[in-house]
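These are my notebook entries on a structure that I looked up for a reader who is new to it.

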Amino acid sequence: TIQLTNDGEDTSIILSLHRLIPQGDQGHSTIDPKPLDPTSIPVVIKLVGKELGIPFKLSAGQTQAITIDLEAANLDEPTDVYFALLARGVNEGASPTESQATPGITALFMTTITPSASLPTNIALTPPELPIIQDTSIPLSFDIKAENKTGIMLQVQGKIKLMSPNKTLISESSIDPKLILGNTSRILSTFNFPLSTYHLGPHTLTIELSTLGGRTLTEHSYVVWMLPLRYLLVAAVVLVLISIPLLRKFHLTRVSIKA
């Protein structure tokens, strides 16, 4: 049961079902403007006391309880169904041929139908974009992205560890639980760690993804070389500038000796 409140003026509301389409890698989704074909999903969706496509009055400030009854089909394997219930105002006095854009609000439903308590888990970590050599004068920053290779939505959490060349833990951070819909990818977190000139040599970065219960899904380690590139560049430039007068003086000295 959801609660629908009219914060505007007296109006008539019409309800409709629409397909929910995962979009991008930020965990967003879009609503298919075309009404959902109820025969295309393995779930029977019914409204208790209301009918889809038939307007009903909702006065200003009034709250109406909308009860949705879901009945799943008997399936042999786990299946996800994503849909949205759209409520929008209708102008009953408008001409049928007149095209109007009306605001609406949606309630999103993400459901898993499974014949058993066990669910398939197949999460892959997308290799992060790491530099071969990291300049210690700028932070080490990258996105952590995971791909759900099953058709079932899963909640994933994780840990990120950065170890020094002598295996000392420098940084450890947690990835808050994120929902990854079936057959989609999602950016789970952004790792941003400020470095210093003391961070030198090959550092080990370990990323672990796990279920909410703590079961490890995947774990990968990467080696990142860290050097003070900016300071080395400045030192090289200074060395060149110092060398030029010395080389010129040496050249003039050789010319004088020959003369």
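**Entry 1: aromatic rings**

I looked up Phe191 and found this residue buried, at 4% relative accessibility. I note here that the model is a predicted one.

I then examined how Phe191 sits against Phe193. The two rings form an aromatic pair with 6.4 Å from centre to centre and 20 degrees between the planes. The pair is classed as stacked because planes under 30 degrees apart count as such. Phe193 has a relative accessible area of 15%. I therefore list Phe193 as buried, since that term applies under 20%.

I next searched the whole structure for aromatic pairs, and the search gave 3. One of them joins Phe142 and Phe191, with 5.3 Å between the centres and 40 degrees between the planes. This pair is tilted.

Is Phe142 buried or exposed? I recorded a relative accessible area of 5% for Phe142, which means that the residue is buried.

I conclude this entry with the cluster: ring pairs link Phe142, Phe191 and Phe193.

**Entry 2: a lysine over a ring**

I asked which residue lies over the face of Phe56. The residue is Lys50, at 5.0 Å from the ring centre.

**Entry 3: a nonpolar patch**

I looked at the surface and noted a nonpolar patch formed by Ile132, Ile133, Val223 and Trp225. Together these residues have about 450 Å² of accessible area.

Ile133 belongs to strand β10, which covers residues 133-135. The relative accessible area of Ile133 is 41%.

**Entry 4: a buried serine**

With which side chain does the side chain of Ser12 make a polar contact? I identified the partner as the side chain of Lys57, at 3.5 Å.

Notes. Residues numbered from 1 in each chain as written. Predicted model: local features only at pLDDT ≥ 70, side-chain atom pairs only at ≥ 80, totals over all residues. Heavy atoms only, no water. Phe/Tyr/Trp six-rings, centres within 6.5 Å; stacked < 30°, edge-to-face > 60°. Buried < 20%, exposed > 50% of the residue type's maximum accessible area, 1.4 Å probe, protein only. Lys NZ or Arg CZ within 6 Å of the ring centre and 35° of its normal. Patch = residues over 30% accessible without salt bridge, like charges linked within 9 Å, V, L, I, M, F, W, Y side chains within 5 Å. Areas by Shrake-Rupley, 256 points an atom, 1.4 Å probe, with all protein chains shown as cover. Salt bridge = Lys/Arg side-chain N within 4 Å of Asp/Glu carboxyl O. Helix = DSSP H or I, 4+ residues; strand = E, 2+ residues; numbered from the N terminus. Polar contact = N/O pair within 3.5 Å; in protein donor to acceptor, adjacent residues only side chain to side chain.
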